Amino acid sequence: MFKFIPNLNKNNHDSAQVSDLPEIQESPILEETFEAILGENPESPILENMPQTPSQKILAKLTPFLQKFPKRSKRFWLGMGFLIAFGGASGGVFFVWQKVENSLPDSVDAILTYTRPGTITIQASDGTVLQELGPVSHDQLKIWEVPDQVVNAFIASEDRRFYDHDGVDLQGLTRAAIVNFQNHKIVEGGSTITQQLSRVVFLNTQKNVWRKLREMRLAQKVEENFDKKQILERYLNLVYLGSGAYGVADAAWIYFGKSVDQLTLAEIATIAGITPAPSAYSPLENLEGAKQRRNLVLQRMEEEGFITSEEAKEAIASELVTNRQEPKRLDRKIPYFTDYIQKELPKYVSKTQLKEGGLTIETSLDLQWQEIAEETVKNAVEEYGKGQKFEQAALVAIDPRNGQIKAMVGGKDFEENEFNRVTQALRQPGSTFKTFVYAAAIAGGKSPYDSFLDAKYVIDGYKPENYGDSYTDAYLSMREALVRSTNVIAVRTLVDVGWKPLITIAQKMGIESKLKQEYALALGSSEVTLLELTSAYGTIANQGIHQQSHGISRILDENGKVIYQAPLTKEEALDPDTASILTWMLKGVVNGGTGTNADLSDRPVAGKTGTSDDSRDLWFIGYIPQVVTGVWLGNDDNSETWGSSSTAALVWRNFMKEVTTELAVESFPELPELDGRKGTIKLEPIKPKSTYYVRQPRPEPETQTTYSNNNRSTRTTRSSSPTRSSNPTRSSNPTRSSNPTRSSNPAPAPAPVAPSTPAPAPAPKIEPAPVPEAVSIPVPAPESAPAPAPEPVVAPEPASAPLPAPPASRKDE
């Protein structure tokens, strides 16, 4: 047998698999050369074309000269012929082995990181496997976790001289050839464990002389770079053992429903005996054949001194009883999230890479948070769903500082319905969208104390209605309107902001769905997903910097090389002052507005409730500096519920109080100076054809006081009469009048009040004084009927009984 020749003048190659390089065995010339060298084809002319060694070149030059000499003896010419043949053979061997060397990778480090082609492994942030696709070894064992008898069984069966050879066992090859010849069939293989590992990692399964030569040389390189324990560990984790079992741990589970350390001697020998022909010796496919192989392995273990004759006899006499289990790699955790990850993959890797596989997907999911989220959603449906007529719930939590998705629950039961209500459901966001209206207004330079009249209002035929059709008939600041979730003032603010600035800023903050240019947009008429809405609120929490929400942190190829890493971008959607002002406004919603159920007693919280028409969608999106979480409750068929957004706020609190136990208490940025602020975007006020208030207070002038955040500076101005402007700060209104008689397209006048029923006096004006964190301002009932009950407000501690249902006739909150 030839000794392998060291690499000479070897070209540079990367560490890709040998199977990715041009296949040497495809070359007829090399095949013929090898046959000629081995004497299988002595007539081959191929030797004539081989590169000549120095001795051959000298001999070629001397030949014409030697022909001039007299004829020599037969012995002389036989000697010369031998020298020429030897030189030619040496040149052929050199040529063949140089080609073998040049076809191998420079490094064999892939031994430690290799994953099979066609596989995808999705991991949580702590490395826990969430899902495996393709031929993956589910359980990876360290060598010290593998019982000694398991190691001994494979050595006795596959490579008796494992500890004595350097990757290629010449004695083993000779012995196997003799045994196979005596039995007239393949009984024993000549490949070492190192060769088998090299074949799995670097080569294909084609059977030809060229693959065998490369396999042998690769095995030597592996032995030069790794110790025997490392080789054994990788082999026992990668070897295919039939019936979908990759590695000994998987085989122990699939065949016997046990961990490796629980296997009996007979079961260990059964698994080790499968290796030569996994499809033929699997005990689930061929019980008798598996038993014969088991007994052969036991005999070899006895011969090698690994077990006693009594142990061998007892194991051979035992029945082969299996306990079939499904491969663990087919199980998956967090299915809503892993499905989302699979749909995201084509954004980051090519179709070819997906097909070839061998990928490891590292995600941002926090398993502890996920478990809390799943329990929270389950309890929400069970405790509140029946009484409030909603059947589904969804929740997503994001780190606003980097966009990482930490928890995602797309519904109450994936097995029942795979539809992901976090990423796939497009629903009307209701009043949660008002935040974007006020964000645009504040970014445009407006003060949170700028006020608008809260009264029945008509604009181009559209009539926004407050919750319960109730109005104060007074001026409310934007902050107060957000705290109360007043619809009319959100629409009035939209008119002063304009379509384009609002849509642009919402998209920069993270809204990706199409937004329609309609007045109802201010009240959340355009559908969005829970994920994009939550991500957009995260922009406020992150002081105006939008981080794209994502679940994939890194993608590694089969060799452990990073082929994708989530970028950490810094795209400013809002200036920091605007973000701080919005947080201050949204804190008021939780401290004394519609979101009091979301209060966390140990830290500040900001957020917004939202309810779509007929309570079809119940929302709460809230945040602390480190986490933004969104909750949605509703029905897949878009039917109305009897619930309210305060229930969504309570569900939010149930989740957040658990996940924040190990989070430090952080404060929000302080409110910036309000006086002298300038806008960072340009507002483009809408020019409606017709706009007026149905019911107006008396037009006498009033005094408006504007405050700074520290109450250090105040100024008193004469506000405009309501008949001249609906905005006391004189914000743009193209009609400059709420009186329909002066509108360009007068709308029908309001119905007169019957003489027998005197109209009540107009509500007094409310000065927009600085509003404390806890806001509680009574809202008078409409003239025609008593006001329906407001949304139920539950104490901060979760109630044991379901929340009461709100009135069935409620409007958008």
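## Close-up views of a predicted model

**View 1. The hairpin of β10 and β11.** In this hairpin, 5 residues sit between the two strands, and G560 among the residues here takes a positive phi near 85°. This is a predicted model, so local features are given only at pLDDT of at least 70 and side-chain atom pairs only at pLDDT 80 or more, while totals for chains, interfaces and linings use all residues. Residues are numbered from 1 along each chain as its sequence is written, and side-chain values use heavy atoms, leaving out hydrogens and water. β10 and β11 run antiparallel and are joined by 3 bridges, with L556 opposite V562 in β11. Helices (H or I, at least four residues) and strands (E, at least two) are DSSP runs, numbered from the N terminus.

**View 2. The open sheet around β1 and β3.** On average, neighbouring strands are turned by 15° against each other, direction ignored. Strand β1 (residues 120–123) and strand β3 (residues 359–363) run parallel, joined by 4 bridges, and Q123 stands opposite E362 in β3. As background, the strands of a sheet pair through backbone hydrogen bonds, either parallel or antiparallel.

**View 3. Helix α15 and T121.** Helix α15 (residues 335–344) lies across β1, β2, β3 and β10 (552–556), and runs at about 50° to β2. Such angles run from 0 to 180 degrees between N-to-C directions, with axes fitted to C-alpha atoms, for helices over the stretch in contact. T121 lies in strand β1. Is T121 buried or exposed? With a relative accessible area of 9%, T121 is buried (under 20% is buried, over 50% exposed, and in between partly exposed, using a 1.4 Å probe on protein chains only). Setting aside residues up to four places away in sequence, T121 touches V129, Q131, E132, V136, L359, T360 and I361; contact means heavy atoms within 4.5 Å.

**View 4. F436 in the largest nonpolar core.** This core has 92 residues, and those with the most contacts inside it are F337, I361, F436, Y438, M585 and Y623. A nonpolar core is a set of buried Ala, Val, Leu, Ile, Met, Phe, Trp, Tyr and Cys residues joined through side-chain atoms within 4.5 Å. Helix α18 (residues 434–443) gives the most to the core, with 8 residues. Which residues surround F436, apart from its neighbours within four places in sequence? F436 is in contact with L502, I505, A506, M509, I511, L533, A536 and Y537. A second, separate core of 55 residues includes L141, A251, F256 and L298.

**View 5. Aromatic pairs, with Y623 and F668 in focus.** How many aromatic pairs does a search of the whole structure find? There are 15, where rings of Phe, Tyr and Trp (its six-membered ring) pair if their centres lie within 6.5 Å; planes under 30 degrees apart count as stacked, over 60 as edge-to-face and the rest as tilted. Y623 and F668 form an edge-to-face pair, 5.6 Å centre to centre with 80° between the planes. Y623 belongs to strand β14 (residues 617–624) and F668 to the loop between α24 (645–659) and β16 (691–693), so the pair links distant parts of the chain, 45 residues apart. Y623 counts as buried at 0% relative accessibility, as does F668 at 11%. Elsewhere, ring pairs link F433, F436 and Y537 into a cluster.

**View 6. Charges over the rings of W253 and W584.** K328 lies over the face of W253, at 4.7 Å from the ring centre. R479 lies over the face of W584, at 4.4 Å from the ring centre. A charge sits over a ring if NZ of Lys or CZ of Arg is within 6 Å of the ring centre and within 35 degrees of the ring normal.

**View 7. Positive phi at D460 and N638.** D460, a residue other than glycine, has a positive phi near 50° and is placed in the loop between β7 (457–459) and β8 (474–477). D460 is partly exposed at 33% relative accessibility. N638, also not a glycine, has a positive phi near 65°. N638 lies in the loop between β15 (627–634) and α24, and is partly exposed, with a relative accessible area of 36%.

Terms used. Two strands pair if DSSP finds at least two bridges between them.
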